[in-house]
Structure formats: C-alpha cells, structure tokens
Amino acid sequence: MSLSRAFFVRAFLSLPDGLRERWMSRMQGYGADDVPAPTGAPRTPIRLLIGPANYAGQGWMWARAAERLTGVGAKNMEVRPAGLHFRADDVVPVAVAARSARWGRAQFAAVSSSFTHVIFESMRPMFGREFDGDVVAEIEALRSKGIRVASLAHGTDLRDPTRHREREALSPYAQAEFLRSAMPAYQRNRRAFDQIDGAAHVHYVSTPDLLRDFPEATWLPVVVDMDRWAVGAAPARDRLRVLHAPSSAAAKGTSSILPVLRELASRGTIDLDLPAGVLPQEMPARVGSADVVVDQFALGSYGVAACEAMAAGRIVVAHVAPDVRARAEAAAGMPLPIVEATPETLGGVLAGFARERSSALADALVDGPEFVRRLHDGTAAAAAMAPFLSTRPAIAGGDMGESWTTPK
C-alpha cells in the first residue's frame, strides 16, 4: 500500500463512526442501518458465545448441542462474508466488523458483561477494531472480566503443513499455491496459541486428525441435524450415481480422482454428478439423489460433508488415515462406515458397488445413520463441552436471578 493510500485509509478510519456511516456508506461498504445490535445473552446460569466463523454452520450446531446441558444457553455469532450462508443466531457483515469502532465497542461491552463462556473459532477476532484484531488481547480482556475462554480449530487454521506433507502422499500442502494461502493463517494462529496460557485455556479441534499436531486439545465432534439429512432410500436406477461436491477442490484432492470418475462415467459404469454453486439448503436433496458420495483423498480425515452423507444413508468413499479411523471407531464404538480408497483403487471400489448396488446401499442406510447418531448428532459434542462449561466464572455477568446447576 502506498504512503498516500495508507494515510487516506488511516484518516478515513479515524473519522467518527456516525459521520462515516451517514456520508460514506458506499466507500466503507455499509451504512448506519447495517450495524447490528450487540449479541444478546440467553437468560440462563451459563451463557456461551461461539464465533465468529460458523464454517458449514457448525457454530450454530455446537451452540444447539451445548444447550442440551442443564443450565446452559448458547448463541453463535458469525462475521459473514459474501457467498454461502448458513444458519446463525447473530450475523455481522464483514464490513461492519472490520470498520465500525462503534460496533466493536458495543459488542465487547455486551459480551463481557453478559456471557460467562466464549469459544473463539479459528482464532479469529470477535470484536472488530476494538482490539485492533488482536485475538490474544481479546482473550485476555475477557479473562480479566472473569469469563472462561476456549479456542476451536477447524482445520487449515491449525494443521501443521510440514507434518501433513510428511504423513499424507496427496497432501494439499505439497501444492505451492495451497501452501502460500494456508501457511500465513497457520503461523499466525500457532503464535497466538503459544501466547495463550495453556493451564487457563481450553483448546478444541473439530476433526480428529488435528490431535496429531495438538495432542493436548479436546476433540469437539462436528454436528449433523439427523432429521434434515433423513432423505430415505436412494431411488431405483440401472446405474450407480456418484456425487462429488468438494467445498475446496484443492483440499479434497479432486484433481487426483476426476480422471477416474470421468473414465467410469464415459464407460457407462456410473452416472457422475459434479455440482457447482449448490446452496447449502439444496444439498440434502442432492445427496439424496446419489448412491455414493466420494469425499476427500488428500487430508486423511473426515468432516461435515462425510457426516452428512453418512446421516443420509449413502455410501461414502474417501481416504481416512488409519490413526484417524481408529480414533473415530473407538469414540463411536463401531466401525467408521467410510469405505477406504485411494485414487489408484477408487475405480475398482466403485465398479464393485456398481455390481452390488442394492446390498451396499442397504448396509449404508443402516450403518451411516447409526454412526452419526453415536458420534455426530450433538450428544458427543455436548459431552466434550461439559467440563469447560461446568466451572462457573467468579465475576462475569452474575446469575441473572437463577440458580446454578451442573451439566447432566
């Protein structure tokens, strides 16, 4: 940024919020009417706030899971960019979070005086300009008010690129462009984690592979709405229908499997569905129309998309590293119903399902939903949060006139 531009930006941001919001809404990307009220706390003894990422709607789902615990009310807050929108309790436009000092001050005042627990997703700031985007400063400020704070990593925000390249043959971190985009966030977040007092802080990770890099963390399983994904049996058809809908083609290893999928489709072995731009609310129907969901072959783990497909009773094919599979199976008390494959074996696996479509789908319709019910319907997530939420803060927010009860 040139010196003249930097001076202009500083001068612009130093103007009073009201002046910028009234006169310069087009320049700053929002107007006075776009500034939301601060996040309101539930009227419960324990009041949890999760934010600000809400990737794949998980912030909202974890908040609902936490509310299964006695005495706990929860809200999630999302600083929302353009693009796909998931359900959230409280939405703040990116421009407001980035530029409105008024919103940042009000948000911190509301959260620090009314919530008792806060979980920071992906080490992203919750209070905009109030602490100049310094997450560690935000955490310490909340702690000074007696609020218990935890952090939650989703994936590339904490996964060690060097170690991942050593473990996974198709690691996306071996791609220069992916590494350039992921490394700054990893380094920034790692520094932030190292600055936080571990004895006074709880670290969560959303996928079990992250425990390799952060073994002192607690796995907070992702949560799937079982009713939403109960799409019933797959339609009867002559050919196996295969769906591959990656949220990130680079992270999922799409380029390594597309030739296999297209070759099978060209031979008439499968019908291939490669959707683009599908809205989240449309995905249950899209998954329901498939027989097989081909997930990822680069990360060695599984996440929300695989859980949704299992909940729908569809055959899920992916590469899951042995240690990740073992951890998931131990937690669920049953085998992980994700069929193991690599780009080299994928063709044979799908061809086998094409020959035995009915029996394979019958097994998936039973095993997938059962696995998700055991580990990803919110029960396990609530149990993971219970120890963090069971200690009542000494200062924050009072009890709003209600007695404290420990989680179930």
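This is a predicted model: local features need pLDDT of at least 70, side-chain atom pairs count only at pLDDT 80 or more; totals for chains, interfaces and linings use all residues.
Is P221 buried or exposed?

Residues are numbered from 1 along each chain as its sequence is written, and side-chain values use heavy atoms, with hydrogens and water left out.

Now, back to P221. This proline is buried, with a relative accessible area of 4%; buried means under 20%, exposed means over 50%, and partly exposed is in between, using a 1.4 Å probe and protein chains only. P221 sits in the loop between β7 (218-219) and β8. Helices here are DSSP runs of H or I with at least four residues, strands are runs of E with at least two, and both are numbered from the N terminus. Setting aside neighbours within four places in sequence, P221 is in contact with W62, S206, L375, H376, A380, A381 and A384, where contact means heavy atoms within 4.5 Å. Between P221 and V205 there are 16 residues in sequence and 8.0 Å in space, C-alpha to C-alpha.

Let me zoom out for a moment. The protein has 17 helices and 12 strands, and 54% of its 408 residues count as buried. Among contacts with a separation of 6 or more, 73% come from residues 24 or more positions apart.

On to the open sheet. Its 5 strands come in the order β9-β8-β10-β11-β12, with parallel pairing; two strands pair if DSSP finds at least two bridges between them. β9 (270-273) and β12 (338-340) are at the edges with a single partner strand each, so one side of each has no neighbour in the sheet. From one strand to the next, the twist averages 30 degrees. Strand β8 (residues 240-243) pairs with β9 in the parallel sense over 4 bridges, and L243 stands opposite D273 in β9. Helix α15 (residues 346-355) packs on this sheet, touching β8, β10 (292-294), β11 (315-318) and β12, and its direction makes about 170 degrees with that of β11. For angles like that one, axes are lines fitted to C-alpha atoms, for helices over the stretch in contact, and the angles run from 0 to 180 degrees between N-to-C directions.

Next stop, strand β4 (residues 117-121). How many of the residues of β4 are buried? The count is 5 of 5. Both faces are covered, with H117, I119 and E121 on one side and V118 and F120 on the other. β4 runs parallel to β1 (residues 46-51), joined by 4 bridges, and parallel to β5 (residues 148-153), joined by 5 bridges. H117 has L48 opposite it in β1, and its bridge partner in β5 is R148.

Now two helix pairs. Helix α4 (residues 58-66) and helix α17 (residues 379-389) pack at about 70 degrees, with their axes 9 Å apart. They are therefore roughly perpendicular; the cut-offs are under 35 degrees for roughly parallel, over 145 for roughly antiparallel, 65 to 115 for roughly perpendicular, and oblique for the rest. W62, A65 and A66 of α4 meet A381, A382, M385 and L389 of α17. By class, that contact has 7 nonpolar, no polar and no charged residues. The nonpolar class is Ala, Val, Leu, Ile, Met, Phe, Trp, Tyr, Cys and Pro, the charged class is Asp, Glu, Lys and Arg, and the others, Gly among them, are polar.

The second pair is α13 (residues 304-311) with α16 (residues 357-375), at about 125 degrees and with axes 7 Å apart, and therefore oblique. Here C307, M310 and A311 meet G368, P369, F371 and V372, giving 6 nonpolar, 1 polar and no charged residues.

Most residues other than glycine have a negative phi, and most peptide bonds are trans. The peptide bond from G51 to P52 is cis, with omega near 0 degrees, and P52 lies in the loop between β1 and α4. M123 has a positive phi of about 50 degrees, and D132 has one of about 55 degrees. Both are in the loop between β4 and α7 (135-144). M123 is buried at 5% relative accessibility, whereas D132 is exposed at 75%.
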